[in-house]
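Please read them with the sequence and the coordinates open beside you.

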Amino acid sequence: MTRVVALGGGYGLSTSLRAIRQYASDITGIVSVADDGGSSGHLREAFGLPAPGDIRRCIVALSEPNSVWARTFEHRFKSPEHDSGLDGHPVGTLVLARLTEVIGDYTPAIDEAMRMAGGVGRLLPATVEPVILKASFRNLDHRLNTVTGEVHGEAAVGQTSGITNLALVPDSPRIHPDIPKLLKAADQIVIGPGSLFTSILAVLCVPDIQRAFNAATGRKVYVANLGEQHPETTGYDVGRHIEALAAHGVEVDVVVRDPDSLALGHVAGPTVIDWPIANSIGRLHDPDKLAAALQTLV
């Protein structure tokens, strides 16, 4: 049995999960719930639950191919004539919100949504309570004067360059009790691809998750992004990504990068594996190619 745990959020984690399901027999996704924009932001405010958008994407990634429920979860309401109040909301996020109301607990609601969509594996929110990202930054203004400050909220952090530190409010949020056990038992732990601060570190800055991650003995693999993400990681090569992870207390064993994409820079510590993991146009990761690379590293 091959046990794999993947951490992150957004489209990056869903891509990794599509890859991992091709070779792993036991899959867990630990998903960021810090999103405060769009549909997730509205539902967070209305229902007080952790952001459901990235969870929805991961449910679809682990669902049976051509599942009617998976396709339905991705459908976004759009009224052609007037604002119905549902405009912009994917069905899946609304289902998760309603299931949480009916069941009374977010994690069992995710389990039920996975069952409906025919999903394999398990998904757990990074925290069982809503969290807010906060980031300190240091930049130069147009006169080359140093400007420092702090921004709050995932949307604001994603629009900030020069980030020097990421933290959470509350600073030590509660996590599901199974997460440390799952990380301890994992043969492989995958982080990335995805937004460095607003997806990957949004999970690994949770103190209890970081402690369990660092204590785990399974091989820790970082899947590098294919390019810079403006403005969050403007000017970053792969080496700067690894430096930022280390500065936040996160060390990995192996880096997988596409040799024709983001520049390598200087990587100190982990082994670097060059593997063609981009799709035919080079802008997105190909789940099949990524699966082939990750399978060799179990």
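Is Arg211 buried or exposed?

1. With a relative accessible area of 52%, Arg211 is exposed. In this predicted model, Arg211 forms a salt bridge with Asp208, and the closest N and O atoms of the two are 2.4 Å apart. Both Arg211 and Asp208 belong to helix H10, where they are three residues apart, about one turn of the helix. Asp208, for its part, has a relative accessible area of 30% and is therefore partly exposed.

2. A second salt bridge joins Arg57 to Asp54, with 2.6 Å between the closest N and O atoms. Because Arg57 and Asp54 are three residues apart in helix H3, about one helical turn separates them. Here both Arg57 and Asp54 are buried.

3. The salt bridge between Arg122 and Asp178, whose closest N and O atoms are 2.8 Å apart, links distant parts of the chain, since Arg122 is in strand S3 and Asp178 is in helix H8, 56 residues apart. Arg122 has a relative accessibility of 25% and so counts as partly exposed, while Asp178, with a relative accessible area of 18%, is buried. Lys181 is linked with Arg122 and Asp178 in a network of salt bridges. In the whole structure, the search finds eight salt bridges.

4. Which residues of helix H8 are buried? In H8, which spans residues 178-185, the buried residues are Asp178, Ile179 and Leu183. They cover an arc of only 130° around the axis, and therefore they lie on the same side of H8. Lys181 and Lys184, on the other side of H8, are exposed. The cover over the buried residues of H8 includes strand S1 (3-8), strand S2 (26-31), strand S3 (122-125), strand S7 (188-191) and helix H10 (207-215).

5. At what angle do helix H3 and helix H5 pack? Helix H3 (residues 53-61) and helix H5 (residues 91-103) pack at an angle of about 110°, and their axes are 9 Å apart. This angle falls within the range of 65 to 115 degrees, so H3 is roughly perpendicular to H5. On the H3 side the contact is made by Gly53, Ile55, Arg56 and Ile59, and on the H5 side by Gly92, Thr93 and Leu96. Sorted by class, the residues in the contact of H3 with H5 are three nonpolar, three polar and one charged.

6. Several loop residues deserve a look. Thr233, in the loop between strand S8 (219-223) and helix H11 (238-247), has a relative accessible area of 1% and is buried. When residues up to four places away in sequence are not counted, Thr233 touches Leu196, Phe197, Glu228 and His241. Cys205, placed in the loop between helix H9 (196-204) and H10, is also buried, with a relative accessible area of 13%. Leaving aside neighbours within four places in sequence, Cys205 is in contact with Leu166, Leu168, Gln210 and His248. Cys205 and Val31 are 174 residues apart in sequence, and the distance between their C-alpha atoms is 13 Å.

7. Is Asn66 buried or exposed? Asn66, which lies in the loop between H3 and helix H4 (68-74), has a relative accessibility of 68% and so counts as exposed. From C-alpha to C-alpha, Asn66 and Ala117 are 9.8 Å apart in space, and in sequence they are 51 residues apart.

8. Where do cis peptide bonds occur? Val169 and Pro170 are joined by a cis peptide bond with an omega of about -5°, and Pro170 is placed in the loop between strand S6 (163-169) and H8. A cis peptide bond also joins Gly192 and Pro193, with an omega of about 0°, and Pro193 lies in the loop between S7 and H9. In general, most peptide bonds are trans.

How values were computed. Residues are numbered from 1 along each chain as its sequence is written. This is a predicted model: local features need pLDDT of at least 70, side-chain atom pairs count only at pLDDT 80 or more; totals for chains, interfaces and linings use all residues. Side-chain values use heavy atoms; hydrogens and water are left out. Axes are lines fitted to C-alpha atoms, for helices over the stretch in contact, and angles run from 0 to 180 degrees between N-to-C directions. Helices (H or I, at least four residues) and strands (E, at least two) are DSSP runs, numbered from the N terminus. Angles under 35 degrees count as roughly parallel, over 145 as roughly antiparallel, 65 to 115 as roughly perpendicular and the rest as oblique. Contact means heavy atoms within 4.5 Å. Ala, Val, Leu, Ile, Met, Phe, Trp, Tyr, Cys and Pro count as nonpolar, Asp, Glu, Lys and Arg as charged, and the others, Gly among them, as polar. Buried means under 20% relative accessible area, exposed over 50%, partly exposed in between (1.4 Å probe, protein chains only). The arc is that of the directions from the helix axis to the C-beta atoms. A salt bridge is a side-chain nitrogen of Lys or Arg within 4 Å of a carboxyl oxygen of Asp or Glu.
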